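Student: I have a structure open and would like to go through it with you. Can we start with the overall make-up and then move to details?
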Amino acid sequence: MKIIRVLILLSAISVFMSCDSTRLAYDKSQQKSVKSIYMIGASIATPDNTWFEMGCEQLGLKPINRAVSGIRPTDSAVRIFRGGEFSFEEIDSFDLLAVMHVHNQNICDESKLLEDYHDYDVNENMDYSQAFDYIIRKYIDECRALEHNPDSRWFGIEGGKPVKIMLCTYWHDARVAYNTSIRRLAERWKDYTHLCAFDENIGFTKDEPDPVTGEQISILFAQNEYGNTEVIDGVTYGWHPTRGKDSEIQFRMARIFADAVREYLGDECLPDKE
């Protein structure tokens, strides 16, 4: 029995290591291991949108959606700081953290960052660049710490839980300040993150308005009871994408997200689809 248990443990370690992009290249001969994605963010990622859930469905993965309308990256930083974002069972089990905080600000201002993230004054009014930096670095440390937690499925595995983070652009290309800086952030943390580029793949651009009306095409895809338009540099754009499973824009976003996850993790680490 002891020999069998050792063999099972070695097999499990091999599976986890094969799908860890921070340690080894993916080995397609190994068993798939990714099962779920955990989302934090605000109104464009909440469950009533449906793109996140539909994207996970396309991948055969479980969606865990904790996005809350109206919150900011600073709010998520505070929740993580206070230990209220992830339960132990959740952080121990989900495989990929997705972040969809898309306020149109520079969220990668390196002049605002501190060498030790523990020195940040974590509060709801902290700088957005510091908030993103805190979220990423704290999550990395939380994953690594699981190596030493005897209650974790990553206990005894060098490096703990593999760190995989999906950073997302705004759903179209009008929020230039955010989209530009989230790319810099993804590059800064490229060993742990991947970018879901909605803006480049959504099917339209701010630089080509509707040829008939002259309005931004994004407005056509933002038809809700409220929050449909926003003004950036004097131009009116679509704000919240039309919600619901029957929405064309939600379907597009689901496909873009699913494609980004496949590119990041590889089909070999995803469940087999019937």
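Student: How many helices and strands does the protein have?
Tutor: The protein has eight helices and seven strands. Helices (H or I, at least four residues) and strands (E, at least two) are DSSP runs, numbered from the N terminus.

Student: What should I know about the source?
Tutor: This is a predicted model, in which local features need pLDDT of at least 70 and side-chain atom pairs count only at pLDDT 80 or more, while totals for chains, interfaces and linings use all residues. Residues are numbered from 1 along each chain as its sequence is written, and side-chain values use heavy atoms, with hydrogens and water left out.

Student: What percentage of the residues count as buried?
Tutor: Of the 274 residues, 53% count as buried. Buried means under 20% relative accessible area, exposed means over 50%, and partly exposed is in between (1.4 Å probe, protein chains only).

Student: And the contacts, what share comes from residues 24 or more positions apart?
Tutor: Taking contacts with a separation of 6 or more, 67% are between residues 24 or more positions apart. Contact means heavy atoms within 4.5 Å.

Student: Let's go to α3. Is it mostly covered or uncovered?
Tutor: Mostly covered, with seven of the nine residues of α3 buried. Those are Pro 73, Thr 74, Asp 75, Ser 76, Ala 77, Val 78 and Ile 80.

Student: What covers them?
Tutor: The cover over the buried residues of α3 includes β1 and α5.

Student: How do α3 and α5 cross?
Tutor: The axes of α3 (residues 73-81) and α5 (residues 128-145) come within 8 Å and cross at roughly 35 degrees. Axes here are lines fitted to C-alpha atoms, for helices over the stretch in contact, and angles run from 0 to 180 degrees between N-to-C directions. The crossing of α3 and α5 is left-handed, a term for the near helix being turned anticlockwise from the far one by less than a right angle.

Student: Which residues make the contact?
Tutor: From α3 there are Pro 73, Thr 74, Ser 76, Ala 77, Ile 80 and Phe 81, and from α5 Tyr 128, Ala 131, Phe 132, Tyr 134, Ile 135 and Lys 138. By class, the contact has nine nonpolar, two polar and one charged residues. Ala, Val, Leu, Ile, Met, Phe, Trp, Tyr, Cys and Pro count as nonpolar, Asp, Glu, Lys and Arg as charged, and the others, Gly among them, as polar.

Student: Tell me about Ser 76. Buried or exposed?
Tutor: Ser 76 is buried, at a relative accessible area of 1%. Apart from neighbours within four places in sequence, Ser 76 contacts Ile 40, Ile 71, His 101 and Ile 135.

Student: New topic: what volume does the largest pocket have?
Tutor: About 260 Å³. On a 1 Å grid over the protein atoms alone, a pocket is an open set of points with protein on both sides within 12 Å along at least five of seven lines, a cavity is a set where a 1.4 Å probe fits but cannot get out, and lining residues have an atom within 4 Å of a point. Grid points are joined across faces, edges and corners, and a volume is the space filled by probe spheres set on the points.

Student: What lines that pocket?
Tutor: The lining has 17 residues, and Ser 43, His 103, Arg 175, Trp 239 and His 240 lie nearest the centre of the pocket. By class, the lining has seven nonpolar, eight polar and two charged residues.

Student: Where is Ser 43?
Tutor: Ser 43 sits in the loop between β1 (36-41) and α2 (51-59). Ser 43 is buried, with a relative accessible area of 14%. Beyond neighbours within four places in sequence, Ser 43 contacts Asn 49, Val 68, Ser 69, Gly 70 and His 240.

Student: Which residue other than glycine in that loop has a positive phi?
Tutor: Thr 50, which is in the loop between β1 and α2, has phi near 90 degrees. Thr 50 is buried, at 10% relative accessible area.

Student: And Asp 233, buried or exposed?
Tutor: Asp 233 is exposed, with a relative accessible area of 77%. Asp 233 has a positive phi of about 50 degrees and lies in the loop between β6 (229-232) and β7 (235-238).
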